[in-house]
Amino acid sequence: MANDELYTPKWIFQAINLDFDLDVCAPEQGPLNTPAAKWFSIKDDGLTQHWFGRVFMNPPFSKPSVWVDKWLDHGNGIALLPLSGNSRWWVKLWNGESAVVMVPPNTGFINSEGEEKKIMYGISLWAIGESNITALKMSNLGRIR
């Protein structure tokens with residue numbers, strides 16, 4: 001799916017002002033903008049790897065459920081996900097201990113060619129773990145829930 005190869009813009013990382021130990025869904029050549037010490041690409045299959053430290057996750061939007069489950073089990077990080085209020089994984093996040101902010105509409109993401117591509121549907125940024133929730137609150141990206 002084409003939307004599975006869209007990467008997080010730099011301004012989001014600047015707003016949350018965190019460094020990550022691991023990007024679990026990076027491009028094959030490594031993170032484009034994610035300030036992460038290590039990463040897993042599709043070739044590494046991040047779902048089967050051991051996650052450690054603070055993780056950043058922008059998973060394939062075509063199948064986020066399994067990624068959300070692993071992220072929740074890990075309990076430390078930031079996740080960028082589509083708005084999907086009627087899906088089981090979204091309800092699980094909403095009812096859990098994580099915080100969320102809606103990313104501004106028409107945010108430009110980076111495609112595999114390095115070009116900006118606007119996304120026409122809602123995007124949410126989730127935080128789990130005390131320091132990540134604090135960073136999200138201090139980001140000025142919008143109202144936090």
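The questions and answers below walk through a predicted model of a protein.

In this predicted model, local features need pLDDT of at least 70 and side-chain atom pairs count only at pLDDT 80 or more, while totals for chains, interfaces and linings use all residues. Residues are numbered from 1 along each chain as its sequence is written, and side-chain values use heavy atoms, with hydrogens and water left out.

Reader: Which pattern does the protein follow along the sequence?
Author: Let's begin with the parts: helices (H or I, at least four residues) and strands (E, at least two) are DSSP runs, numbered from the N terminus. The protein has four helices and eight strands. Read along the sequence, they give the pattern α-β-β-β-α-β-α-β-β-β-β-α.

Reader: What radius of gyration does the protein have?
Author: The radius is taken over C-alpha atoms, and the globule rule is 2.2 Å times the number of residues to the power 0.38. For 145 residues, a compact globule would come out near 15 Å, and the protein agrees with that at 14 Å.

Reader: How much of the protein is buried?
Author: Here buried means under 20% relative accessible area, exposed means over 50%, and partly exposed lies in between, using a 1.4 Å probe and protein chains only. Out of 145 residues, the buried share is 47%.

Reader: What share of the contacts in the protein between residues at least 6 apart in sequence join residues at least 24 apart?
Author: A contact means heavy atoms within 4.5 Å. Taking the contacts between residues at least 6 apart in sequence, the share that joins residues at least 24 apart is 53%.

Reader: Which residues of helix α4 are buried, and why are they on the same side?
Author: Helix α4 covers residues 130-138, and its buried residues are Asn132, Ile133, Ala135 and Leu136. They cover an arc of only 160° around the axis, which puts them on the same side of α4; the arc is that of the directions from the helix axis to the C-beta atoms. As a general rule, an α-helix has 3.6 residues a turn, so residues three or four places apart point the same way. The buried residues of α4 pack against α1 (10-16), β4 (77-82), β5 (99-103) and β8 (123-128).

Reader: Which residues does leucine 136 touch?
Author: Leucine 136 sits in helix α4 and is buried, with a relative accessible area of 0%. Not counting residues up to four places away in sequence, leucine 136 touches Ile16, Ala99, Val100, Val101, Leu125, Trp126, Ala127 and Ile144.

Reader: What covers the buried residues of helix α2?
Author: In α2 (residues 65-74), the buried residues are Trp67, Val68 and Trp71. They cover an arc of only 100° around the axis, which puts them on the same side of α2. What covers them includes β3, β4, α3 and β8.

Reader: Which residues does tryptophan 89 touch?
Author: Tryptophan 89 belongs to helix α3 (residues 88-94) and is buried at a relative accessible area of 8%. Leaving out residues up to four places away in sequence, tryptophan 89 touches Pro64, Ser65, Val68, Leu81, Pro82 and Ser84.

Reader: Is asparagine 17 buried or exposed?
Author: Asparagine 17 lies in the loop between α1 and β1 (20-23). It has a positive phi of about 50° although it is not a glycine. With a relative accessibility of 66%, asparagine 17 counts as exposed.

Reader: What relative accessible area does aspartate 45 have?
Author: Look in the loop between β2 (36-39) and β3 (55-57) to find aspartate 45. Aspartate 45 is not a glycine, yet its phi is positive, about 55°. Aspartate 45 is partly exposed, and its relative accessible area is 35%.

Reader: Which residues is serine 41 in contact with?
Author: Serine 41 is placed in the loop between β2 and β3, and at 6% relative accessibility it counts as buried. Leaving aside neighbours within four places in sequence, serine 41 is in contact with Ala26, Pro27, Glu28 and Gly46.
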